[in-house]
Amino acid sequence: MSSEPHHQASLPRSRRRFTVVLLGAISGAIGGILGIPLGGFFGLPALRSREFAWAEAGPVDGFKVGEIRFVALMPLRRPVWPEEAPRMGAFVSRKADGTFEVFHNHCTHVGCPVNWNPAAQRFFSPCHGGVFDRSGRVLAGPPPRPLDRHEMKVEKGVLYAGEIYSVNERLERVGRYHS
Ligand code: FES
């Protein structure tokens, strides 16, 4: 007779515990499901930028002094994301003093791929009339800043292009590129 009330009192407590455990499991599952896309959104860009830290642009001797030429960049590691492929191009400029500049091939307005016109000595954006000089400075149109650059290095006679960064009107580095 005395055990009955005790049994009835313990029943709600065990139900409460069951409910807490159940809610914990459900929220854990929801967190896990949401965590996958959020992890992709926040974590993968960092992975992607590391994957493309350095790419081969070609032998140094293959670039003539004064020439600006489009090159396909060969990533040192295979692309993880197929959509990266169209971004793997750059313009290599070998200046009169023999040093290099490597320009990102996308306009700084809304990202259309720019073309180099050797006769005009200008980069032209096909979308909204953006024009850049051979140093990447804006000459006309809506681009808000000069062409972005790649970090670069020369090793064993080969030119490599690295991370993309932005510059201001004085061509001073102002930050990392964000597409
Ligand atoms: S994308 Fe180049 S001017 Fe608009």
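Which residues does Ala90 touch, not counting residues up to four places away in sequence?

**View 1. Ala90 and its contacts in the predicted model.** Ala90 touches Ala57, Val71, Leu73, Val102, Phe103, His104, Asn105, His150 and Ala161, with residues up to four places away in sequence left out; two residues are in contact if their C-beta atoms, placed from the backbone, lie within 7 Å. The model is predicted, and local features need pLDDT of at least 70, side-chain atom pairs count only at pLDDT 80 or more, while totals for chains, interfaces and linings use all residues. Residues are numbered from 1 along each chain as its sequence is written.

**View 2. The largest nonpolar core.** This core has 18 residues, and those with the most contacts inside it are Ala57, Leu73, Ala90, Val92, Val102 and Ala161. Strand 1 (55-59), strand 4 (89-94), strand 5 (100-104) and strand 11 (158-167) each supply at least two of its residues. A nonpolar core is a set of buried Ala, Val, Leu, Ile, Met, Phe, Trp, Tyr and Cys residues joined through C-beta atoms within 7 Å, and a residue is buried if 20 or more other C-beta atoms lie within 10 Å of its own, exposed if 12 or fewer, and partly exposed in between. Strands (E, at least two residues) are DSSP runs, numbered from the N terminus.

**View 3. Strand 11 and its partners.** Strand 11 runs antiparallel to strand 1, to which four bridges join it, and antiparallel to strand 10 (residues 149-155), to which six bridges join it; two strands pair if DSSP finds at least two bridges between them. Tyr160 in strand 11 stands opposite Glu56 and is also the bridge partner of Lys153. Strand 10 and strand 11 form a hairpin with two residues between them, and Lys156 in the turn has a positive phi of about 50°.

**View 4. The loop holding Cys127.** Cys127 lies in the loop between strand 7 (122-124) and strand 8 (131-132), and Cys127 is partly exposed because 15 other C-beta atoms lie within 10 Å. Leaving aside neighbours within four places in sequence, Cys127 is in contact with Cys107, His109, Val110 and Cys112.

**View 5. Confidence along the chain.** The chain averages a pLDDT of 78, and 63% of the residues score at least 70, where pLDDT is the predictor's confidence in each residue, from 0 to 100. Over residues 31-51 the pLDDT is below 50, with four contacts in the model beyond near neighbours in sequence. Where pLDDT is low, the predicted coordinates should not be read in detail.
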